[in-house]
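The following exercises are intended for a reader who meets this structure for the first time. Each task is followed by a solution in steps.

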Amino acid sequence: SGYLITRNLFSEADRTGGVALVQFWARRIRRLVPALALVIVATFLATMWVRPVIGWGEVAAQGRAAALYVSNLTFASASTDYFAADVRSSPFLHTWSLSVEEQFYVVWPLLAGAACLLAARSGRRRAWLVGAFALVGAVSLPLSLAQTADGSVWAFYGLPSRAWEFAVAGLLAAVPARWLGWPRAARALASVGGLALIAFATLRFEESDPYPGVRALVPVLGTLLLIASGDGSADGGFRPLTWVFCTAPAQWLGRVSYSWDLWHWPAIVLAVDAFDPDTGELRTTAAGVA
């Protein structure tokens, strides 16, 4: 997401000399808010059906926070353990990452616009943007490492400790295309290596491991390699892997991924509430129904 949005900002800045902030935020609202609003309303109505009335107020407050893109602050303030064994903590727990993302996209175009203004006389717009992104990463990553070492939940939920992940994606988006004109063998190696790092993080990290901290470098680096290995064609990267990404089912999953992400967690939590006991089969079925 950070790569795509930053690339769009670069394209707009190169084309117009600046960033149209209102239009940027309006596009985000049109894309994200309707689906989120539907999920929040439907989830709360379902909660009223499967949970006792004593818990409705807390879920309603979490839904309001999700609607305002501040649920990460709500869960951090409550010291909510994202990796707790009991999935019932909140049907809106998954919205923390969307909140972090949207908070970042309030700030990111402002940063890009300021860099464009500073570069108006020098004409070195891209250099100013790269400097701004690098500064964000240089401040945010050490903060993430320090907060993770201290065991603070803000390391997981907070925008300041997560901003470096978007910033490094912005730096990748700033790399001139000619610099990524790697030989096919190098693209294949980057593609397979990136996917391997993501798989390693998925399969080997445990809920007891301090996170994000230094461990977050693994999936972030893997994602950067995977993005950089592709050139938009079916021949880019590792051919078998690229072919899979270019198939109709994979493309379809990409198109519905945002809505599926919104629905999957409420479906799991409400299914566990309604059909206890909590089992892996029940969670998998609920996610598939979502």
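The model examined here is predicted.

**Exercise 1.** Determine whether Thr-242 is buried or exposed.

*Solution.* Begin with the location: Thr-242 belongs to helix H11, which covers residues 239-246. Next, take its relative accessible area, which is 10%. Buried means under 20%, so Thr-242 is buried. As a further point of orientation, the C-alpha atom of Thr-242 is separated by 9.7 Å from that of Ser-229, and the two residues are 13 apart along the chain.

**Exercise 2.** Determine whether Leu-45 is buried or exposed, and state which residues form a nonpolar surface patch with it.

*Solution.* Leu-45 is found in helix H2, residues 21-50. Its relative accessible area is 52%. Because exposed means over 50%, Leu-45 is exposed. On the surface, Leu-45 forms a nonpolar patch with Val-41 and Met-48, and together the three have about 260 Å² of accessible area.

**Exercise 3.** Describe the largest cavity: how much space lies in it, and which residues line it?

*Solution.* First, the count of cavities of 30 Å³ or more is one. The largest cavity holds about 40 Å³ of space. Its lining consists of Thr-6, Leu-9, Phe-10, Ala-13, Val-19, Ala-112, Cys-116, Leu-129 and Phe-133. Then assign the lining to helices: H1 (2-16), H5 (95-118) and H6 (125-149) each contribute at least two residues, and H1 gives the most, with four.

How values were computed:
Residues are numbered from 1 along each chain as its sequence is written. This is a predicted model: local features need pLDDT of at least 70, side-chain atom pairs count only at pLDDT 80 or more; totals for chains, interfaces and linings use all residues. Side-chain values use heavy atoms; hydrogens and water are left out. Patches are made of residues with over 30% relative accessible area and no salt bridge: like charges are joined within 9 Å, nonpolar side chains (Val, Leu, Ile, Met, Phe, Trp, Tyr) within 5 Å. Accessible areas come from the Shrake-Rupley method with a 1.4 Å probe; for residues, only the protein chains shown count as cover. A salt bridge is a side-chain nitrogen of Lys or Arg within 4 Å of a carboxyl oxygen of Asp or Glu. Buried means under 20% relative accessible area, exposed over 50%, partly exposed in between (1.4 Å probe, protein chains only). On a 1 Å grid over the protein atoms alone, a cavity is a set of points where a 1.4 Å probe fits but cannot get out, and a pocket is an open set with protein on both sides within 12 Å along at least five of seven lines; lining residues have an atom within 4 Å of a point. Grid points are joined across faces, edges and corners, and a volume is the space filled by probe spheres set on the points.
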